[in-house]
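Take a moment to look over the model below.

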Amino acid sequence: MPELRFLPEWIARGYAGSMAYLARSADRRADATGALASARTVIATATLYNTDRPYSTECAEPSRAHVARYAWGDDYHDVIAARLDALVEWMRQASPEPFDARAYVDTGPVQERVFAQYAGVGWIGKNTCVINPELGSWVLLGEVLCSLPLEVDAPALDQCGTCTLCLEACPTQALVAPGVLDSNRCISYLTIEHRGPIPAPLRAEIGSHVYGCDICQEVCPWNAAAPTTQDAAWQPRPAWDRPTIRDLERMSDDQLQRAVRGSAMRRAKVAGLRRNIALAVENAGDGGSAPTETSRRNV
Ligand code: B12
Ligand code: SF4
């Protein structure tokens, strides 16, 4: 899997920003045996989280705040970890021989997209996301590393073709080449992982993105008619179901804390969300005023 070798170069170029944990664990991420010494097979999973709501790119209302789609419902780490544990339990019952296994969902030293691509789940697109030909890219990845020598599937084929819509749509030009993302410029990194003030040259481009960013996926033709799920885990919580910037600005720290409980949004912490909301207010100017009832219905 030659793609596993991009990581050290990506880190050396500074593209990981302040995510020091990636550099610290880069050696272990070089191979599945870095996470489980006896690993012989990786079972890669993709869980659809797309729900029936418009894309941020379809919203013309300047007072609307944007939260990344994957974070609207329950924390995917908890939800998918429980499902992977159930899968391992079933495997233990079905297997004639004992085996070692370790399940991860964004929780271990594993380059999840590379394993997903080689397991046939989908290809790594120019926006760096794994795209499944039927589900699109609104999928969260998980994997079970195990010591069983299971039969393997064929890798997924790259179907991006000549399309470069994601590179062109990125407001901060974070996709510096097809498949290569500079985190320092990515709104997702800046609003979730980055601590401290948002760098001045990128502040305006963040617009009203208060947590994460979906633009490079929203413009992807493979997501134009992406299926949605009724799974209760991913349905938007009321606080994150198309809030306005002013709705969020008015929330107290306690209210914000309650709204992110059990959600992936805990990652940004209340202080990070406050910083992002303040920037959205600044960016909206007068356009941040509460929408009229008519515009509420139209968006
Ligand atoms: C660090 C991280 C981030 C960082 C960096 C993202 C990035 N593109 O690297 C930040 C904070 C910016 C981020 C953002 C997001 N993330 Co994130 N993130 C991760 C994490 C923890 C590690 C990814 C990593 O190793 N990056 C380093 C690069 C080198 O690896 P890679 O992204 O896998 O990159 C491949 C390509 O970029 C390409 N490549 C790299 N260099 C080069 C060079 C050349 C020449 C070429 C041709 C290709 C190439 O091959 C790489 C494999 O080596 C993974 C979980 C995991 N453990 O894998 C989740 C993960 C990738 N994130 C995920 C999600 C959902 C997101 C967001 C959509 C969230 C949001 N809406 O805000 C955005 C998407 C932004 C984007 N376009 O990537 C999902 C992706 C699901 C999918 N369908 O692909 C993952 C897999 C978590 C999960 N378990 O589902 N994320
Ligand atoms: S998530 Fe947003 S900022 Fe990051 S690469 Fe995609 S479009 Fe650009």
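What follows covers confidence, ligands, a pocket and a cavity.

This is a predicted model, in which local features need pLDDT of at least 70 and side-chain atom pairs count only at pLDDT 80 or more, while totals for chains, interfaces and linings use all residues. Residues are numbered from 1 along each chain as its sequence is written, chains are lettered from A and ligands numbered from 1 in the order in which they are written, and side-chain values use heavy atoms, with hydrogens and water left out.

Start with confidence. pLDDT is the predictor's confidence in each residue, from 0 to 100. The protein chain averages 94, and 96% of the residues score at least 70. Residues 291–299 stay under 50. For that stretch the model has 13 contacts (heavy atoms within 4.5 Å) beyond four places in sequence.

Now turn to ligand 1. Its shell holds 38 residues, each with a heavy atom within 4 Å of the ligand. E3, E112, R113, V130 and G179 come nearest. By class, the shell divides into 22 nonpolar, 9 polar and 7 charged residues. Here Ala, Val, Leu, Ile, Met, Phe, Trp, Tyr, Cys and Pro count as nonpolar, Asp, Glu, Lys and Arg as charged, and the others, Gly among them, as polar.

Some N and O atoms pair up here. An N or O atom in the side chain of E112 is 2.6 Å from a nitrogen atom of ligand 1. N127 brings a backbone N or O atom to 2.8 Å from a ligand nitrogen. At G179, a polar backbone atom is 2.6 Å from a ligand oxygen.

Ligand 2 has its own shell. Among its residues are C170, C186, C213 and C216. The shell divides into 10 nonpolar, 1 polar and no charged residues.

Next come the empty spaces. Rolling a probe the size of a water molecule over the atoms shows where empty space is left. On a 1 Å grid over the protein atoms alone, a cavity is a set of points where a 1.4 Å probe fits but cannot get out, and a pocket is an open set with protein on both sides within 12 Å along at least five of seven lines; lining residues have an atom within 4 Å of a point. A volume is the space filled by probe spheres set on the points.

The second largest pocket has a volume of about 390 Å³. T41, V42, I43, A119 and V152 lie nearest its centre, among 18 lining residues.

The largest cavity has a volume of about 210 Å³. Its lining has 21 residues, with P54, S56, A65, H66 and W72 nearest the centre.

Notes
A polar contact is a pair of N or O atoms within 3.5 Å; within protein, one must be able to donate a hydrogen and the other to accept it, and residues adjacent in sequence count only if both atoms are side-chain atoms.
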